[in-house]
Amino acid sequence: MAYDTIVLITGAKTGIGKAIRDGPDSSPAKSLTSLPTGDGSKVIVVKYDASSSTAAIELEKDLRDNTEITHLDIVIANAGILKAFGPAKDVKFEELQEHLLVNTIAPILLYQRTAPLLEQSKQEPRFFIISSTLGSNTLMDDYPLSLIAYGMSKAAVNFAAGRIHREEERIAVIPVQPGWVQTAMGEKAAVFAGMEPKDVPVTLEDSVSGLLSVFDSATKKLHSGRFWDQAGKEVPW
Ligand SMILES: NC(=O)c1ccc[n+]([C@@H]2O[C@H](COP(=O)([O-])OP(=O)(O)OC[C@H]3O[C@@H](n4cnc5c(N)ncnc54)[C@H](OP(=O)(O)O)[C@@H]3O)[C@@H](O)[C@H]2O)c1
C-alpha cells in the first residue's frame, strides 16, 4: 500500500472525529462512503462500538482480515459521550458505568489492540486520546459544571495515558483537549451551563486545525505522557 501515514480515528461519524478525518475544509454533508480524499489518501470504514468489551478485538481482526493494513502510524481515540448532567448526589450507577466504559475503558482496550500495529510504524507511532479539561483536578474551579460522570471518566483516561506512556518505549501517548467546540456535545454542555448553543467559543474548524498541528508536531520525548490543548499549550492534570 502506497499511503505514507495510516491513521485510525474512532467516533468519526460526527463532530470532532469526523472533522479530523475529513480535514478542516471538508463538507460535513458527505456521507461516510463518498468522502472527499486528497491525493494519495484513502478512507477505510470499520465498525467500532466503544461500549462493547469486544469492540477493540473485533476492530483489530477486521483491519487484519479485511483490509491491506499491516501497520498504523497514528491512533486517535476520539469516540466519547457526555450524557449525565447534575450534581454527584443524583448521578446514577448506569451513568457512571457508561461514561467510564466509553470514555476511559474503551481507549485503554483500543490501545491494547492497536499497539502491535503501531509498533510496526516506520515513523514515531502516536496514540492520542481526545480528553477534556473537565477532567482536570487543577482546573476544577475554572469549569464549575456538575458533570461528575464525564469529568471523572476523562480524569481517569488522563491517568491511563500517563501510565501507558511510561510503559511504552516507542509509542507516544498523548491526551489532548480540543477546546469547547461547536459540536452536538459542546452545545449540550453549553445549554447545561445556561448558555446559548451559538455561544460555544471554539469553531469546529479552529479546533481541528489546531488538533491537526498538535498531531503533526507531537513527539514521544517532548509531548508524551503530558496533557495538551488544541493550541499546543500544556494543560495541568
Ligand atoms: N465538543 C467539545 O466541546 C469537547 C470538549 C472536550 C472534549 N471533547 C471530546 O471530544 C471527543 C469528540 O466529541 P464531539 O464534541 O465530537 O462529540 P459528538 O459530536 O457528540 O461526537 C461524538 C462521537 O463519538 C461517537 N461515539 C459515541 N459513543 C460511541 C460508542 N459507544 N462507540 C463508538 N463511537 C461512539 C459518536 O458516534 P455516534 O454519533 O454514532 O454516537 C460521534 O461520532 C469526545 O471524546 C469528547 O469527550 C469534546
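Modeller: What follows goes from the ligand shell to a histidine and then to the nonpolar cores.

The model is predicted. In it, 27 residues surround the ligand, and the closest are Ile16, Ala50, Tyr150, Val181 and Thr183. Sorted by class, this shell has 12 nonpolar, 12 polar and 3 charged residues. Helix 1 (15-22), helix 4 (148-167) and helix 5 (184-192) each give at least two residues to the shell. Helix 5 has the largest share, with 3 residues.

Another is 3.0 Å, to an N or O atom in the side chain of Thr14. On its own the ligand has 880 Å² of accessible area, of which the protein covers 82%.

His99 is found in helix 3. Its relative accessible area is 1%, and because the limit for buried is under 20%, His99 counts as buried. A polar atom of the His99 side chain lies 2.9 Å from the backbone nitrogen of Lys83.

In soluble globular proteins, nonpolar side chains tend to be buried together. Here the largest nonpolar core has 21 residues, and Leu8, Leu72, Val75, Leu110 and Phe127 have the most contacts inside it. At least two residues of this core come from each of helix 2 (55-66), strand 2 (74-77), helix 3 (93-119), strand 3 (126-130) and helix 4. The largest share, 5 residues, is that of helix 3, the helix in which His99 is found. Helix 4 supplies residues to this core as well as to the shell around the ligand.

Val75 shows the packing in detail. Not counting residues up to four places away in sequence, Val75 touches Leu8, Leu110, Thr114, Leu118, Arg126, Phe127 and Phe128. There is also a second, separate core of 19 residues, with Ala12, Val176, Phe215 and Trp228 among them.

Technical notes
Residues numbered from 1 in each chain as written. Predicted model: local features only at pLDDT ≥ 70, side-chain atom pairs only at ≥ 80, totals over all residues. Heavy atoms only, no water. Near = heavy atom within 4 Å. Polar contact = N/O pair within 3.5 Å; in protein donor to acceptor, adjacent residues only side chain to side chain. Areas by Shrake-Rupley, 256 points an atom, 1.4 Å probe, with all protein chains shown as cover. Helix = DSSP H or I, 4+ residues; strand = E, 2+ residues; numbered from the N terminus. Nonpolar A, V, L, I, M, F, W, Y, C, P; charged D, E, K, R; others polar. Core = buried A, V, L, I, M, F, W, Y, C linked by side-chain atoms within 4.5 Å. Buried < 20%, exposed > 50% of the residue type's maximum accessible area, 1.4 Å probe, protein only. Contact = heavy atoms within 4.5 Å.
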